[in-house]
Amino acid sequence: MNHSGTISELRADILIGADGRNSWLAHRLGLTGAAEMQGRSVGFQLRLQVRDVTHGRVEIHLFPGGYAGVVGLGDGTVNLCLAVEKEKLPHQRQIEFLWNSCLPHNPYLKELLRRSLRVGEARSTYPVYFKPRRCFADGVLLVGDAARVSEPVSGEGMYFAMKSGLLAAETVGEAFCSGDFSAAHLSRYERACHRSFQFRRGINSLIRLLVYRPRLLAPLVRFSAKQGRLLDSLVDAICTAEPAR
Ligand SMILES: Cc1cc2nc3c(=O)[nH]c(=O)nc-3n(C[C@H](O)[C@H](O)[C@H](O)COP(=O)(O)OP(=O)(O)OC[C@H]3O[C@@H](n4cnc5c(N)ncnc54)[C@H](O)[C@@H]3O)c2cc1C
């Protein structure tokens with residue numbers, strides 16, 4: 001429907017769904033699974049005004065049932081993003097529960113909240129994670145979060161979104177050359193994504209397994225602190241950009 005309220009029909013050889021994790025297109029085409037609506041966690045984002053805020057680093061803190069990422073934005077505020085197990089959340093007053101009961105289990109977060117004032121609206125998102133969807137159909141490709149979301153702790157969503165856009169562009173170019181927009185032909189895009197993302201997704205799955213289990217993760221973090229380069233190597237492996245082609 002356009003701005004004047006009239007419905008018009010548009011036709012195209014191919015449609016790219018880049019409409020995010022709750023992709024209307026993926027739902028319309030039946031490419032979403034029931035399992036992803038039973039996701040383990042809900043994501044929240046809060047903006048805090050903080051005295052003596054530290055800049056230039058990203059911190060990950062664990063608390064029972066979830067984890068939080070903290071990053072200073074350089075204007076006296078910090079971005080506090082968290083993933084928390086759905087079953088731990090009450091049905092109402094969830095932000096108050098997080099602020100007063102859940103996050104203060106972590107001494108660092110308790111101190112951060114004590115020094116903070118919440119600014120702006122809290123935002124939430126669901127599901128936080130789901131397995132890659134089938135990302136092609138006749139005349140259709142899904143890119144970015146519409147096709148896959150990883151556990152946000154390793155922060156690769158934007159990389160996956162942009163890289164999958166490039167891979168989709170290659171597939172679309174080939175489809176125009178051959179004039180073949182069938183699902184069978186477009187399925188090469190899914191294989192290209194699998195090859196490109198296999199390593200990062202593997203690491204992400206491992207981290208996802210550990211991050212909700214502080215008892216398993218804490219000794220590993222202590223070990224890696226002693227080993228110096230171990231954690232740095234992991235971060236390099238996940239975050240180092242590919243050279244532009
Ligand atoms: C709280 C939070 C923190 C994050 N932090 C990081 C981070 O630190 N690093 C990182 O790499 N990633 C991060 N991510 C993930 C990252 O934001 C996403 O992976 C990335 O934005 C995906 O890009 P996308 O273009 O696929 O989808 P989106 O950015 O979700 O864009 C989809 C767009 O489609 C539009 N849209 C939806 N439906 C329709 C429709 N029917 N018609 C028209 N338009 C529509 C939406 O309005 C939106 O603009 C974070 C995500 C969240 C929720």
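The largest share of the shell around the ligand, four residues, is contributed by helix H4, where helices (H or I, at least four residues) and strands (E, at least two) are DSSP runs numbered from the N terminus. The model is predicted, and local features need pLDDT of at least 70, side-chain atom pairs count only at pLDDT 80 or more, and totals for chains, interfaces and linings use all residues. Residues are numbered from 1 along each chain as its sequence is written.

The ligand is surrounded by 18 residues, the closest being Gly20, Gly144, Gly157, Met158 and Ala161; a residue is near a molecule if its C-beta atom, placed from the backbone, lies within 6 Å of it. Two or more residues of the shell come from each of strand E2 (41-50) and helix H4 (157-178).

The domain assignment of the protein chain gives domain 1 (15-28 + 133-239) and domain 2 (40-125), with bounds that come from an automatic or database domain assignment. Six residues from domain 1 and six residues from domain 2 form the contact, for which the C-beta atoms of two residues, placed from the backbone, must lie within 7 Å. Both domains give residues to the shell around the ligand, so the ligand lies between them.

Helix H6 (residues 214-227) has 14 residues and reaches 19 Å from its first C-alpha to its last, close to the expected 20 Å, a span taken as 1.5 Å times one less than the number of residues. H6 is followed by glycine 228, whose phi is positive, near 65 degrees.
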